[in-house]
Amino acid sequence: MSRWFSRNLIRIYASLALIYLFIPVGYTMAFSFNDAGKRNINWQGFTLDNWKNPCGAPDICVALGNSLKIGFLSTLVATILGTMIAFALGRYKFRGRSSTNLLIFLPMATPEIVMGASLLAMFVNLNVNTGFWTTVIAHIMFCISFVVVTVKARVASLDPKLEEAARDLYANEYQTFRRVTFPLVLPGIAAAALLAFSLSFDDFIITNFNSGTITTFPKFVWISSIRGVPAQANVIGTAMFLIALFIVIAGQFIGSAKAKRKS
Amino acid sequence: MAIAHVSPGTSTHVNPERSGRRIPYLLMLPGLLWLFIFFIYPLINLAETSTKTRAASQETGAFVQTYRFANYLDAFIEYQDQFLRSFSYALMATLLALAISYPLAYAIAFKSGRYKNILLILVIAPFFTSFLLRTIAWKQILGAEGPVVSVLRALHLIGPDTTITASSFAVVMGLTYNFLPFMTLPIYASLDRIDPRLMEASGDLYANGLTTFRKVTVPLSMPGVVAGTLLTFIPAAGDYINAAILGNPTTKMIGNVIDSRFFRIVDYPTAAALSFTLMAAILLLVIIYIRRSGTDELV
């Protein structure tokens, strides 16, 4: 027994760490079924009502809609801009490369509150009314760096021999890019887009500074947390969790199926 | 990729050197422009705001530039407790996260066999539930009406008036929890890159498990540890959500002060000065730390 214990100590420790990670997720899920009305703090009994009527809490679906719109727009733009930078950094040697790397690193090393506050100060000075578009602008800004880092890793790990082979087979630059390089980098771009979307969807601090009177889902949760978060918020949180998990697992399966077909 | 369309066939013959040299700059132009306008310029603007003083009209939100650098000193002196608290909470959370993450990452990298990918997904998965919801969940789990406190009270381990939330313990725990995957993933990435033959070689040279771990595994995983600690420490030091949800008025961090200076008191210069002091302090610590640990991989 004690030998089994010491041999598996690290596995036990890792399992405990994972349980710790999942405790509040499980709690959020369980309380999406709580028959508690507005004050979702104590367990009042099981119900499916919250799941049947996720928009039941006032304004929650307006907030969710805003979050989804902001998420899609900023993911789209940040993924395009970030991927272009990642190709430049991963593919070319040029002057100013290391200062560009530094510029990409800086937003990730800056506390969100500083980015949020500085952007708001700029909008205030320029007399720009904050709202939907200022939020999108802010989200694109902080997502770009994460896209660059994710895609660059993929570009850098690419075997240059594959592109050489395409050129040896008389593919021109454009064909090589479209038929060889781009498909190989695509999983990295997809991962970056997923990361950007979840960063945007979950962002509260920068959004709170730059969204004016627009409500996003995290902002809704924050505002309602003063009186008690409605169970519908747990429903949406749980649904987002399941959807994202499905996408990631599906991506894994597609990836391993492709790898199998190749070998 | 519009740029790739430009050169099918012909342009490769027309001075490829020169046209090739422009490509990376053209690729980067829109993204870097975005960062200059919405990241760098606002920071410069914030620096400008930080030395302003209230306008003579006393109107809310009206400030004039007087280059009053004493704003920094005033703000720092007034809020030095919150600064100190932010950095000590962030440091504690980072160390705790490291203690939890390293064995977890190690187990995933070396002991998980074919479940590796599933375990990695499990580490990221909690992220997909809104972090505000998870933090509020902790507040309710550890709260006065929650299950943990009732059990501890029933066992007489804590008194009837003791609470877990609204304390610095809860804030540090929340910070540790929220940034845990930021610590685990980079450590995993660098552990996973280690060539297992290096560990075997160490064993062949009569090193025992512990010595191999100390002399081979740990040094080779340092880039991940450095990246993980930075990715945990930086957001933790600037965070105010955990302190607001899980803390009490005596656990306020510098983020809470900046937030309330901005929104409740509309004192932009002080908020700006505090933001800059925070950022400067973090960058200074980061630079010292990166120099000390001898990895430049991040930048």
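A: Start with chain B, which is divided into domain 1 (1-42) and domain 2 (71-293); these bounds come from an automatic or database domain assignment. This is a predicted model, in which local features need pLDDT of at least 70, side-chain atom pairs count only at pLDDT 80 or more, and totals for chains, interfaces and linings use all residues. Residues are numbered from 1 along each chain as its sequence is written, while chains are lettered from A and ligands numbered from 1 in the order in which they are written.

The C-alpha centres of the two domains of chain B are 39 Å apart. Chain B holds 14 helices and two strands. Helices (H or I, at least four residues) and strands (E, at least two) are DSSP runs, numbered from the N terminus. The radius of gyration of chain B, taken over C-alpha atoms, is 25 Å.

Chain A has twelve helices and zero strands. Its C-alpha atoms fill a box of roughly 70 × 70 × 35 Å along the principal axes.

Next, burial. A residue is buried if 20 or more other C-beta atoms lie within 10 Å of its own, exposed if 12 or fewer, and partly exposed in between, with C-beta atoms placed from the backbone. Buried residues make up 42% of the 299 residues in chain B. In chain A they make up 44% of 263 residues.

Now the core itself. A nonpolar core is a set of buried Ala, Val, Leu, Ile, Met, Phe, Trp, Tyr and Cys residues joined through C-beta atoms within 7 Å. The largest one has 142 residues, and Ile85(A) and Ala117(A) touch the most other members. Helix 4 (residues 60-91) of chain A gives the most to this core, with 13 residues. Domain 1 and domain 2 of chain B both give residues to this core, so it lies between them.

What does Ala117(A) touch, not counting residues up to four places away in sequence? Phe209(A) is one of its partners; the others are Leu46(B), Ile258(B), Phe262(B), Ala271(B) and Ser275(B). Two residues are in contact if their C-beta atoms, placed from the backbone, lie within 7 Å.

The contact between the chains takes 69 residues from chain A and 74 residues from chain B. The elements that give two or more residues to the chain B side include helix 13 (254-263) and helix 14 (268-293) of chain B. Helix 2 of chain B gives the largest share of that side, 18 residues. By class, the chain B side divides into 56 nonpolar, 14 polar and four charged residues. Here Ala, Val, Leu, Ile, Met, Phe, Trp, Tyr, Cys and Pro count as nonpolar, Asp, Glu, Lys and Arg as charged, and the others, Gly among them, as polar.

Back to helix 4 of chain A. It packs with helix 11 (residues 217-224) of chain A at an angle of about 145°, their axes 7 Å apart. Axes are lines fitted to C-alpha atoms, for helices over the stretch in contact, and angles run from 0 to 180 degrees between N-to-C directions. Helix 4 of chain A brings Ile60(A), Ala63(A), Leu64(A) and Ser67(A). Helix 11 of chain A answers with Phe217(A), Lys219(A) and Phe220(A). That makes five nonpolar, one polar and one charged residues.

Asp59(A) lies in the loop between helix 3 (49-52) and helix 4 of chain A. With 12 C-beta neighbours inside 10 Å, Asp59(A) counts as exposed. Beyond its neighbours within four places in sequence, Asp59(A) is in contact with Thr215(A) and Phe220(A). Its phi is near 70°, a positive value in a residue other than glycine. Most residues other than glycine have a negative phi. Tyr170(A) also has a positive phi, about 65°, and is not a glycine. Tyr170(A) sits in the loop between helix 8 (160-168) and helix 9 (173-202) of chain A. Tyr170(A) is exposed, with 7 other C-beta atoms within 10 Å.

Terms used. The radius of gyration is taken over C-alpha atoms; the globule rule is 2.2 Å times the number of residues to the power 0.38.
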